[in-house]
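Reader: I am new to this one. Please show me the structure, and then I will ask my questions.

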Amino acid sequence: MIVEVFKTNVTEVELSEILIRQLLHHFPGSRVNFDLEDCDKILRVEAKAVVPEKIIEVLNANGYSCEVLL
């Protein structure tokens, strides 16, 4: 499994749950979670294949910023 970590500006639990459902639609069988307590509002995606561009696209389409955390 590959783990990719992203910095976001998501702040609300309810919105993070909606985004998780959307990401799971694109990446079935993956594990997706937010750490909204972290200063970078971390999004972690664990999957066999992670496409960072698609994850960023999903968050951007919902009005949120998202970038790979190096």
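**Helices, faces and loops**

Author: Helices (H or I, at least four residues) and strands (E, at least two) are DSSP runs, numbered from the N terminus. The expected span of a helix is 1.5 Å times one less than its number of residues. H1 has 14 residues, so it should span 20 Å, and its end C-alpha atoms agree, being 20 Å apart.

Reader: What kind of model is this, and how are residues numbered?

Author: This is a predicted model, in which local features need pLDDT of at least 70, side-chain atom pairs count only at pLDDT 80 or more, and totals for chains, interfaces and linings use all residues. Side-chain values use heavy atoms, without hydrogens and water, and residues are numbered from 1 along each chain as its sequence is written.

Reader: Which residues of H1 are buried?

Author: Buried means under 20% relative accessible area, exposed over 50%, and partly exposed in between (1.4 Å probe, protein chains only). On the other side of H1, Glu 14, Arg 21 and His 25 are exposed. The buried residues of H1 are Ser 16, Leu 19, Ile 20 and Leu 23.

Reader: Why do the buried residues of H1 line one face?

Author: An α-helix has 3.6 residues a turn, so residues three or four places apart point the same way. The arc is that of the directions from the helix axis to the C-beta atoms. The buried residues of H1 line one face because, seen down the axis, they fall within an arc of 110°.

Reader: What covers the buried residues of H1?

Author: Contact here means heavy atoms within 4.5 Å. The cover includes strand S2 (31–35), strand S3 (42–47) and H2.

Reader: At what angle do H1 and H2 pack?

Author: Axes are lines fitted to C-alpha atoms, for helices over the stretch in contact, and angles run from 0 to 180 degrees between N-to-C directions. H1 covers residues 13–26 and H2 covers residues 52–61. Their axes are 10 Å apart, and the angle is about 140°.

Reader: Which residues make that contact between H1 and H2?

Author: H1 gives Leu 19, Gln 22, Leu 23 and His 26. From H2 come Lys 54, Ile 55, Val 58 and Leu 59.

Reader: Which residues of H2 are buried?

Author: Glu 53 and Ala 61 are exposed, on the face of H2 turned away from its buried side. The buried residues of H2 are Pro 52, Ile 55, Val 58 and Leu 59. They line one face, because they fall within an arc of 125° seen down the axis of H2.

Reader: Where is Lys 41, and what is its phi?

Author: Lys 41 lies in the loop between S2 and S3. At 22% relative accessibility, Lys 41 counts as partly exposed. Its phi is positive, in a residue other than glycine, and is near 50°.

Reader: Is Glu 37 buried or exposed?

Author: Glu 37 is also placed in the loop between S2 and S3. Glu 37 and Thr 11 are 26 residues apart in sequence and 8.7 Å apart in space, C-alpha to C-alpha. With a relative accessible area of 76%, Glu 37 is exposed.

Reader: What does Ala 49 touch, not counting residues up to four places away in sequence?

Author: Ala 49 is found in the loop between S3 and H2. At 52% relative accessibility, Ala 49 counts as exposed. With that sequence limit, Ala 49 touches Ile 2 and Phe 27.
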